[in-house]
Amino acid sequence: MASSNKKISKRDTGKLLNEWSQEFAVFVPSRETGVATMAKWDGKDTSFLDWHRNTVIPPKANFLPAMEEMFNFQRDKEGYHIELPPQDKHKQLIFGIRPCDAKALAILDMTFSDSYQDPYYLSKRKNAVLVGVGCTKAYDSCFCTSLGISPAESTDVDLMLTDIGDEFLIEAITEAGKKLISRSRGLAEANEADETRAKASKEAAYQKVTRQLDTDNIKQRLLANLENKDYWEKIAAKCLSCGVCTFLCPTCYCFDINDELVKQQGARFRSWDSCAFPVYTEMPMENPRVEKWRRVRQRVYHKYEFYPMSFDVTACTGCGRCIRLCPVNWDITQALNNLPAKV
Amino acid sequence: MEQKLRDGAKALLEQGKVDYIIGFEPGSLKFTTTPLITRDKDDIDRLVINPFIVNNLSAYLTELEGRVGIVAKGCDSRSIVSLIQDKQIAREDIVIIGIPCPGLIDLSKIEQLAGKDRDEVDDITREGDRVVIVVDGKKQEFPITEVLFDNCLGCDMPTPSEYDILLSESSPLVTDKTSSRKKIEGLKGTSQEERWSFWEKEFSRCIRCYACRNVCPACFCKRCFVEESEPQWISPVPQWQDNLMFQVIRNIHVAGRCTDCGECERACPVNIQLRSLAKEMYDIVDDLFQFKAGMDKEAAPLLTAYAVEEAEDFIR
Amino acid sequence: MTITDISHRRKFLAQGNVYLPHIVIIEKIIDETPGVRTFHFNFKDEKLREEFSFESGQFGEYSVLGIGEAPFCISSSPTRRDHLEFALQRVGKVTNALHRLGVGAEIGFRGPYGNGVPLDLLQGKNLVFVGGGIGLAPLRSLIWNVIDNRDKYENIDIIYGARSPSDLCFKYDLDAWNKDKAVNMVTTVDKGDENWTGKVGFVPQVLEQAAPSAQNAVAIVCGPPIMIRFTFPVLEKLGFTPEQMITTLEKRMKCGIGKCGRCNIGNLYVCRDGPVFSYAQIKGFISKEY
């Protein structure tokens with residue numbers, strides 16, 4: 001029996017990407033800049049096909065960059081003239097996004113389209129095609145399965161690829177994905193054996209995620225511990241108040257807005273900001289989160305209490321970056337798993 | 001040594017000699033430790049000593065109130081001494097539990113040797129001046145100098161000279177001063193243009209998370225110059241020029257305080273070669289002033305002390 | 001009356017790129033106190049001048065281009081639309097830059113943001129305005145709004161205070177309301193000087209002495225956090241229920257539209273879900289000090 005899915009050999013994937021490059025700016029996992037990130041594909045290197053798991057810089061950076069020009073301005077006799085920066089008309093195709101990071105984009109979409117539309121994020125987002133690739137291994141920091149995410153399955157991408165040995169099984173998830181498949185050359189029909197292999201591959205990937213987060217009644221447990229200052233103080237003690245966990249979190253979106261001025265012209269930028277920084281909430285007369293435990297608590301509650309209150313979804317996908325990249329191994333799963341049952 | 005540490009730390013808490021103990025406990029990831037900051041003697045049995053106790057715990061001293069018992073390797077003890085010199089902490093408030101440090105293992109070097117990510121390595125064991133790495137059940141042995149941190153290879157003080165409790169006699173550190181400066185010498189061998197483009201690339205990926213600053217015990221300012229807006233010394237927007245400028249200014253600020261503990265580079269999530277700047281400054285300070293931070297608690301702090309007979313008159 | 005959740009009344013008027021400021025021109029500058037100035041301004045674009053609308057309590061993001069942007073409420077009344085006003089204290093980079101500007105200068109403005117005070121729910125009520133310092137800025141927008149529609153409301157009580165006589169803002173308004181027979185006006189200072197003949201005392205105490213009735217009344221409170229914190233218990237003592245108290249909150253803001261994150265109180269963003277809240281809505285948060 002034929003399956004509706006396609007497949008492509010890993011060897012030919014480069015050709016497929018080259019074909020897509022005619023239509024899209026193709027981004028792939030890369031260490032070219034010195035850190036693993038989704039970078040513009042050079043048209044040749046396909047070593048990322050052997051990568052098993054997510055990048056250090058999350059793909060949110062392709063939609064909410066670390067810094068971004070919002071507009072620029074000039075001043076002359078008639079006053080100020082404000083202009084938008086030239087937009088990249090090229091559609092982005094992000095190849096190799098992992099299910100945790102794709103889900104994270106779906107979560108970010110909520111904030112950036114709620115009430116007011118955020119034109120910078122949304123224009124890039126609407127113009128992008130996501131081609132997911134399932135993880136074949138997990139970091140020991142990964143805990144996506146605790147949040148209902150499977151490391152090799154996603155509905156938040158347009159196409160989903162599963163490693164089935166020398167080939168990828170390709171599933172079209174969205175209409176855009178279906179259309180892309182239908183106009184792509186070099187794809188073979190997947191057969192039942194491929195489907196079986198894909199299923200096994202997904203199950204194997206699932207089993208490789210070993211870290212567990214206890215999500216039972218998490219909202220209630222957090223609410224009960226909101227005022228448990230002793231607990232938050234104790235677990236916040238080793239936090240350095242740096243921005244690693246938030247900046248590299250695929251669902252953290254907080255940003256700062258700043259102007260740059262050179263003579264009569266300048267520009268306004270937005271750049272990543274972090275609730276871990278004391279200055280983030282600082283006002284001239286007071287700072288509601290001057291104490292470290294309040295900042296640590298804010299990060300945890302934003303993800304597991306406030307975001308669910310607003311959007312009915314946890315703003316964490318278990319990608320594990322905050323644990324893995326933290327200079328002192330501050331571990332959110334420990335913080336949540338050890339929440340006192342009774343205060 | 002671990003048992004001696006636990007007994008000592010427990011006694012300090014029980015006898016009320018300290019309010020806090022700062023040490024290391026097993027981390028939640030393979031081959032990691034994590035800082036343990038506690039007032040609770042029941043936590044003390046979690047304290048460990050192993051080749052992965054990377055953090056310079058003295059960074060926490062300026063934010064804790066009360067008396068603190070702190071586990072310190074040689075470089076950490078120098079940072080503590082430097083903080084005392086700068087009057088950021090008082091010697092009598094600190095109980096230093098010294099660890100003679102034979103050098104720490106750099107997991108990124110292990111990854112390179114093993115060809116695997118750190119969590120895929122089965123085991124790492126130090127055996128004297130050798131290290132045994134087990135990958136996929138297969139043992140591989142390397143000289144320890146191939147896996148120690150660059151800063152450990154250049155260590156000037158493996159065993160704390162300033163301590164209240166010393167956990168064992170000093171153990172010999174296998175150093176390799178040449179390898180310790182290898183990356184720096186590599187850069188020095190290139191042209192100015194090449195170096196400039198090297199640093200442009202490095203600082204282009206800086207995201208201004210300030211992990212380098214916040215792990216650094218020498219960065220003890222309550223308010224960092226980057227947070228000042230009037231005047232604004234550098235832009236908060238992470239453009240590479242400003243990122244570089246931030247790091248250059250930070251290096252000048254910690255000159256004479258930096259003990260080459262290597263934490264800035266290790267903490268950097270985007271792998272910027274920060275120690276090359278820090279260590280070069282460390283060596284410049286030594287060349288110019290014959291000064292190594294935190295070696296002598298009686299010494300005056302390098303850049304904040306002034307002698308009338310000094311040649312330069314800019315300060316008068 | 002139910003004003004438990006004012007946030008649900010919010011409207012989102014912005015179209016196009018919400019982050020792009022409009023150019024407005026400063027038409028007049030008034031020195032209110034040594035550190036506080038009021039700016040009268042108008043849109044450079046004729047069409048916007050006509051079309052722009054807002055509600056009392058809403059705010060805007062004002063920018064000195066090249067220096068930065070900061071939020072301030074619109075302190076003039078929507079009933080008086082020949083120009084707009086905002087008042088600000090010099091406290092930092094942007095406010096200092098604004099204070100350096102003169103008449104004719106161009107600044108950026110985007111807004112209005114946040115929710116306004118729910119005027120329809122105030123109609124037919126006795127209104128008690130409690131203000132402190134520059135906290136009168138949003139209140140005066142509302143007070144003039146109410147006075148300009150005087151027949152829609154019952155009694156008007158205003159209790160306003162500042163640290164010292166020289167810290168009293170909008171003295172021309174205070175004079176006008178003092179003279180207005182349809183308004184009960186009490187002005188107080190924390191500490192008087194040789195020329196001060198009025199009341200001396202903190203706003204919450206003076207409010208307690210004035211003891212406005214809670215019967216068919218709504219209190220609208222705006223001032224420094226410490227004043228707000230001490231005013232609510234007094235109002236409760238006077239018989240006001242949390243649903244009868246409205247306030248505006250202040251947090252550090254950047255985007256003004258609930259995206260940049262910093263002004264949250266629990267899952268609410270002060271910029272988007274406020275800045276006007278009923279006490280019933282935030283009572284829990286204030287005691288818990290998020």
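Pro231(B) is found in the loop between helix 8 (211–215) and helix 9 (240–253) of chain B, where helices (H or I, at least four residues) and strands (E, at least two) are DSSP runs numbered from the N terminus. The peptide bond that leads from Glu230(B) into Pro231(B) is cis, with omega near 0°. This is a predicted model, in which local features need pLDDT of at least 70 and side-chain atom pairs count only at pLDDT 80 or more, while totals for chains, interfaces and linings use all residues. Side-chain values use heavy atoms, with hydrogens and water left out, residues are numbered from 1 along each chain as its sequence is written, and chains are lettered from A and ligands numbered from 1 in the order in which they are written.

**Backbone geometry**

- A cis peptide bond, with omega near 0°, also runs from Gly274(C) to Pro275(C), and Pro275(C) lies in the loop between helix 8 (270–273) and strand 15 (276–278) of chain C.
- Asp260(B), a residue other than glycine, has a positive phi near 55°, and Asp260(B) is placed in the loop between helix 9 and helix 10 (263–267) of chain B.

**Sheet in chain B**

- Three strands of chain B form an open sheet in the order 5-6-7, with antiparallel pairing; two strands pair if DSSP finds at least two bridges between them.
- Strand 5 and strand 7 (138–143) of chain B stand at the edges with a single partner strand each, so one side of each is left without a neighbour in the sheet.
- Neighbouring strands of this sheet are turned by 20° against each other on average, direction ignored; axes are lines fitted to C-alpha atoms, for helices over the stretch in contact, and angles run from 0 to 180 degrees between N-to-C directions.
- Five bridges join strand 5 of chain B to the antiparallel strand 6 (residues 130–135) of chain B, and Arg130(B) in strand 6 is the bridge partner of Glu127(B).
- Helix 3 of chain B packs on the sheet and touches strand 5, strand 6 and strand 7 of chain B, its direction making about 60° with that of strand 6 of chain B.

**Sheet in chain A**

- Eight strands of chain A form an open sheet of mixed pairing, in the order 3-2-6-7-8-9-1-10, and its edge strands, strand 3 (37–40) and strand 10 (188–189), each pair on one side only.
- Strand 2 (residues 24–30) and strand 3 of chain A run antiparallel and are joined by four bridges, with Met38(A) in strand 3 as the bridge partner of Pro29(A).

**Contacts between chains**

- In chain A, 49 residues are in contact with 43 residues of chain C, contact meaning heavy atoms within 4.5 Å.
- Chain A and chain C bury about 3,900 Å² between them, 55% of it on carbon and sulfur atoms, where buried area is the accessible area (1.4 Å probe) that two parts lose on being put together, summed over both.
- Five salt bridges are counted between chain A and chain C, each being a side-chain nitrogen of Lys or Arg within 4 Å of a carboxyl oxygen of Asp or Glu.
- Arg262(C) and Asp273(A) meet through their side chains in a salt bridge (2.5 Å, N to O).
- Glu120(B) forms a salt bridge with Arg53(A), the closest N and O atoms being 3.5 Å apart; Glu120(B) lies in the loop between helix 3 (107–114) and strand 5 (123–127) of chain B and Arg53(A) in the loop between strand 3 and strand 4 (67–76) of chain A, so the pair joins two chains.
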